[in-house]
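Welcome, and please open the structure in your viewer. We will go from stop to stop, with something to select at each one.

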Amino acid sequence: MSAPIVIPPKAPIPVAKPKRPSRFWRPDRTSMATRSMLVGASGVGALAALILDPGFVSIAYVIVGVGVVIVFGILTPPRMSTTQWAAAMGMLALLGVAAVRGAEWLVFLCVVAAWVLFTWTLIGGRTWTGILLGTFAPWRAPHRTVNFVRRRKLATRSAPRVPAARVVVVSAVSILLLLIFGSLFVSADPEFAKIFGGFAPAISVSNPGARIFAGVVMAFGTLVAVYLRRRTPTVDAFAPAPATPLPMWEWAVPLGVLNVLFLGFVAVQTKTLFGGDEHVQVTDGLTYADYAREGFWQLMAVTVLTLLVIAVAVRYIDRRDAGSRRLARGLLGALCLFSLVIVASAVHRMWLYENQYGFTVLRVSVFATELLLGFVFVLLLVAGIRMSGKWLPTAVLATSAVALLAFAVFNPDAYIAQKNVERFEGGKSIDVSYLHGLSVDAVPALDRLPEPQRSCALSRYRFGVPGTTAPWEFNAAREKARDILEARPVGPCLQMYTVG
């Protein structure tokens, strides 16, 4: 009798992981800048040297930004997509905040956000890794940009000269020199300004070295943008590869335990979370400051925890299995819902704190950040329902940009001043030493204060608000504040104090 045939079990088929790219950049030995790119970048650099003062918030930010967009969006092939144009317009809108708001901290945040949208327009990026790497990609491109321009020079040495093009370049340079030096002469001599002031606006260059440096940086930066459009790096390819799915119980048990913990916390703390004034008043040793800070740190802890848990869990969930998808939706969705409850509580706590102790930049900014994070949790819920988060990084980026623009429209410095003035009119104390540090955005509201509180709150503007000597120095908030203070000058303030 022959022995039975034993068939060995099949070995598991290893999951093939995508190969990681070996290069950040695509090979490039042939791309070269065109004449229009070089002329456009030079024009942007000259424009920046003429009108842009990084330390002076004005409409010049968006004017230079428009020049950069024209060069990389119109003069540089291929055509940009509708999404890229939308991002470019968002970038210009963020830079435009410098034309209407005077709060330098707010303008700084908008410029940083504009940089992120700028790099995303050039490079794209559909993953968190891609967006992050794209933000830093321009800093890795200078050497390649130099070669990009150098190839143009080498290729044109043997090419036939085109007199018409040289005439255009010479004319552009001549006009540029005429504007720059004519404007300087207009500023230097009143008699000369009477004759040519209508043709050459007066400018005052307090630091010509810095202006020239800014112009060179903007010209080269525009060329870097052009190169990134022509040779986009492969940023998304460096995102972590999908992990091997785990058995259901290995991820479901930790998520279930965490949900039970969250449920117990929300159930036990319901009175604390939404108790508001009554809870603070009946609890010994609890102040509004403690109440608000607890809510804020709860929000931060829950945010980090939830985002970390979701980021790890989705990598190990087998989304091809229907049962795993249903269980993951329930567990991760519950985490997001519990997080939204605590976000609502934190927003409520901060609102009570502000109404009790007054409004500050930090408190209003935290309040706005909490609202934004609450919306991010909503996006996470949508991603969980669809069990697909490929769109999530781009959605969060767009949402953050829109939220920052809305915050700028909201005008935080003006709101802070208005609320503190209303509290003072209602018989509560006011900290004029803090209000003294607000930007020109707060001047219309602070102008409502009686003396001497008004003069103390506005003492930094006792000698007026810097004037506008050229159209590109325009700032709406500064113009409005100057008109108010010229009509009603600021008086002396002997000392800063808090009054009730």
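Start by selecting Cys-456, which is buried at 2% relative accessibility; buried means under 20% relative accessible area, exposed means over 50%, and partly exposed lies in between, with a 1.4 Å probe and protein chains only. This is a predicted model, in which local features need pLDDT of at least 70, side-chain atom pairs count only at pLDDT 80 or more, and totals for chains, interfaces and linings use all residues. Residues are numbered from 1 along each chain as its sequence is written, and side-chain values use heavy atoms, with hydrogens and water left out.

Cys-456 and Cys-493 form a disulfide, with their sulfur atoms 2.0 Å apart; the cut-off for a disulfide is a pair of cysteine sulfur atoms within 2.5 Å. The pair links distant parts of the chain, 37 residues apart: Cys-456 sits in helix H20 (residues 453–457), and Cys-493 in the loop between helix H21 (476–487) and strand S2 (498–499). Helices (H or I, at least four residues) and strands (E, at least two) are DSSP runs, numbered from the N terminus. Look along the S-S bond of Cys-456 and Cys-493: its torsion is about 95°, so the disulfide is right-handed.

Cys-110 is buried at 0% relative accessibility, and Cys-336 is buried at 1%.

Next stop: Asn-259. Where does Asn-259 lie? Look in helix H10, residues 248–268. Is Asn-259 buried or exposed? Asn-259 is buried, with a relative accessible area of 9%. Its side chain reaches the backbone nitrogen of Leu-335 at 3.4 Å. With neighbours within four places in sequence left aside, Asn-259 is in contact (heavy atoms within 4.5 Å) with Leu-331, Ala-334, Leu-335 and Phe-338.

Finally, select Phe-72, Val-443 and Leu-446. These residues have the most contacts inside the largest nonpolar core, which has 83 residues. Such a core is a set of buried Ala, Val, Leu, Ile, Met, Phe, Trp, Tyr and Cys residues joined through side-chain atoms within 4.5 Å. Helix H4 (residues 104–123) gives the largest share of this core, 10 residues. Zoom in on Phe-72: beyond neighbours within four places in sequence, its contacts include Met-80, Phe-118 and Arg-229. A second, separate core has 32 residues, among them Leu-332, Leu-379, Leu-381 and Leu-392.

How values were computed
A polar contact is a pair of N or O atoms within 3.5 Å; within protein, one must be able to donate a hydrogen and the other to accept it, and residues adjacent in sequence count only if both atoms are side-chain atoms.
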